[in-house]
Amino acid sequence: MTREKLSGAEIVIEELKNEGAEVAFGIPGGVLLDLYEVLYTEDAVRHILMRHEQCAAHAADGYARVSGKTGVCIATSGPGATNLVTGLANASMDSTPVVALTGQVPTAAIGSNAFQEASTFTITMPVTKYNFLVKRTEDLPKVLHNAFYIANTGRKGVVLVDLPKDVLATKVEVDLHQKETFAGYNPKMKPNNVQIKKAAEALVNAERPLIIAGGGVISTGATEELRHLAEFLGAPVVTTLMGKGAIPENHPFSLGMAGMHGRIYANRAIYECDALLAVGTRFSDRLTGWQLDQFAPDATLIHVDIDAAEINKNIQVDIPIVGDAKFALGDIIKWLEKKKKTANKSVWVQRIKEMHSACEDCIKDVGRAGSSISDMFIKEINAILDSNAIVTTEVGQCQMFAAHYYITKKPRTFISSGGLGTMGFGFPAAIGAKVAAPDKKVVDIAGDGSFLMTCQDLATCVENDIPVVVCIFDNRYLGMVRQWQELFFDKRYSHTSLGMSPDFVKLAEAFGCYGERVEKPEELKDALHNAFESGKPAVIDMIVGNEDKILPMIPPGGGLTGMIGAERCKHI
Amino acid sequence: MQTHIISLLVEDLPGVLTRMSGMFTMRGINITSLTVSPCEKDGLSRMTVVIDGSEKVLEQVRKQLSNLIEVVKVVDLAENKAIIRDLCLMKIHVRDSNARSTVMQLAETYGAEIVDATLDSVIIEVTDDPKRIDRLVNLMKQFGVKQLFRTGVTAIGRDTGLER
């Protein structure tokens, strides 16, 4: 604790450093001049100037998902703050730790409709875990500490700190690095032992146990515990979109992603199991489908979640466990080992292995009748990228091609907008990912519709030497909506055709990026090689079929056993 | 559908009421009544929220309220284990002396006070369990309720130990 006379802006930066924030993605503005004055000479916090505030939030989000650290974004008052909102909502929905700093008009002007004033505090309340409007410079150390503490503990999330201009400018004597927290905020980490015992017994006594791994497994770093428990129990692991990477998808017990666009045998296994351990997932409708009588009808349901409010919200469960996924899985394993319980599930394990290889064959056989050119492109990407590469996705068909076919082998290498489904997320998230992991290849699997929503940040990549590669599934449609129009609206393509503009290669070149067009999947290998070799940010325009579809899928209103378009799957 | 009374202990910070009521709005739950006041501890406030909903809705509400950072404690007050009070002020039209005396008699029976009177109206004040107030209000409607103000419910849990 040191007592010095510091400006609010200096306090903010000192506290950022103290909380371990090494990077901030932001855009300055009138009310933030004092803060940026400090950043001008500050080396410990690298500031990356973005070209749109939404991208600043997504980049902080991507950075957090890859590094596990809290991402930081900065925006000015009014439009700067309102532009952040989509990015904050996205991070909130996917429980990513992000701290957002926004400028605000001077405290005396708040409420007067001053220039560039917006009520950031009330606007962002529903899209944050918590937010602060700081009225006194003296409060900054406590506020900043709590912002980082709340963002990256319990169910992780977004905390916004709104900083009026005078609060940043005023100099005060204050104790830095205060640790006082809220009396009512005590995230429950350790699960209840009685519940752990019940869960462990149900799993070990079951004939057909199954684990659904969600994003909570990745964010708590519980992947080793997950693999260990799955192998011990002889239980297959299916994941949610957010859980992709929780188990290597080439592991014989992995059945890939389940749900609406999941793999047919992931859904089949959920239907067949007699004990289901769901960990770090909130049973979103994209996972469960809408016919809940097809969701694990014969199973004892066990649900582990850090957020008690998620228990019995979407699905009624038999054994609820509130706590951190890593602790819960670790405790279940410990109990089984202590009681020397063994699981003999040879029949079920045999069935899992058959299902796993049926899924693998499905992916290997892409290219045969019934599959699309998009399928073949994603197969090429699988062959080209190494297991350390980070894939981010935009939203829509491209996202589901990636989720369904891309074989993710490590946690924190598949970054996608799960809950909010934000088109335009993947590219700025890739920027954050590359900043967090500069030695890894970072590829955004994009659609032409999504990419245009945030592509102006190619300039950010060029100016800051952030060589990410954008692979566009270019079908000249808002593809997923078009697919639904084809399947459920009699091919009436209302306002989903995007026409021929722009030329993505020229667009890339205009920004100073590497651009290349690829018309055949087998050409992708060379194009990606060229892109990585160029050392520049790159855009690869992959021409795919206009009417390619991502199948199989659960139609709206359907259930896990009612996937349509499953003809192309290998049936066992 | 059932009526639930939830008592909250919250940190007295700007925005806490918005955040609390916003949680209800976001989840499509209607608040029947809400009171906020200081409590026995400095820096904390007590809120009493009344909602109508199923047990499932109540469970969600209780957990989501607990998730709010400023909420220190959430107590679901069962009606038989709490003292529940509401304050009601109402202006009753009395067209003649007959009506006036009946209104005054009824008020007395209900333990209500006549706090003001004019030639053609009386103002009644009553503090009671909200269900008893409902009954009195219904009676007064026979005469004509010109204005009605209620503070909303506040409630305190009874101790469970045997009384000395």
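Residues are numbered from 1 along each chain as its sequence is written, and chains are lettered from A and ligands numbered from 1 in the order in which they are written. Because the model is predicted, local features need pLDDT of at least 70 and side-chain atom pairs count only at pLDDT 80 or more, whereas totals for chains, interfaces and linings use all residues.

**View 1. An open parallel sheet in chain A is built from six strands.** The strand order is 16-15-17-18-20-19; helices (H or I, at least four residues) and strands (E, at least two) are DSSP runs numbered from the N terminus, and two strands pair if DSSP finds at least two bridges between them. Strand 16 (414-415) and strand 19 (514-518) of chain A each have a single partner strand, so one side of each lacks a neighbour in the sheet. Five bridges link strand 19 of chain A to strand 20 (residues 538-543) of chain A in the parallel sense, and A:Gly515 stands opposite A:Val539 of strand 20.

**View 2. Helix 13 (residues 325-338) of chain A has 14 residues.** Just after helix 13 of chain A, A:Lys340 takes a positive phi of about 50°.

**View 3. A hairpin in chain B joins strand 2 (residues 31-38) and strand 3 (residues 44-53).** The two strands run antiparallel and share seven bridges. B:Pro38 stands opposite B:Ser45 in strand 3 of chain B. Five residues lie between the strands, and B:Gly43 takes a positive phi near 85°.

**View 4. Chain B touches chain A through 16 residues, which meet 16 residues of chain A.** Contact requires C-beta atoms, placed from the backbone, within 7 Å. Helix 1 (16-26), helix 2 (55-67) and strand 4 (71-77) of chain B each give two or more residues to the side of chain B that touches chain A. Helix 2 of chain B provides the largest share, five residues.

How values were computed:
Two residues are in contact if their C-beta atoms, placed from the backbone, lie within 7 Å. The expected span of a helix is 1.5 Å times one less than its number of residues.
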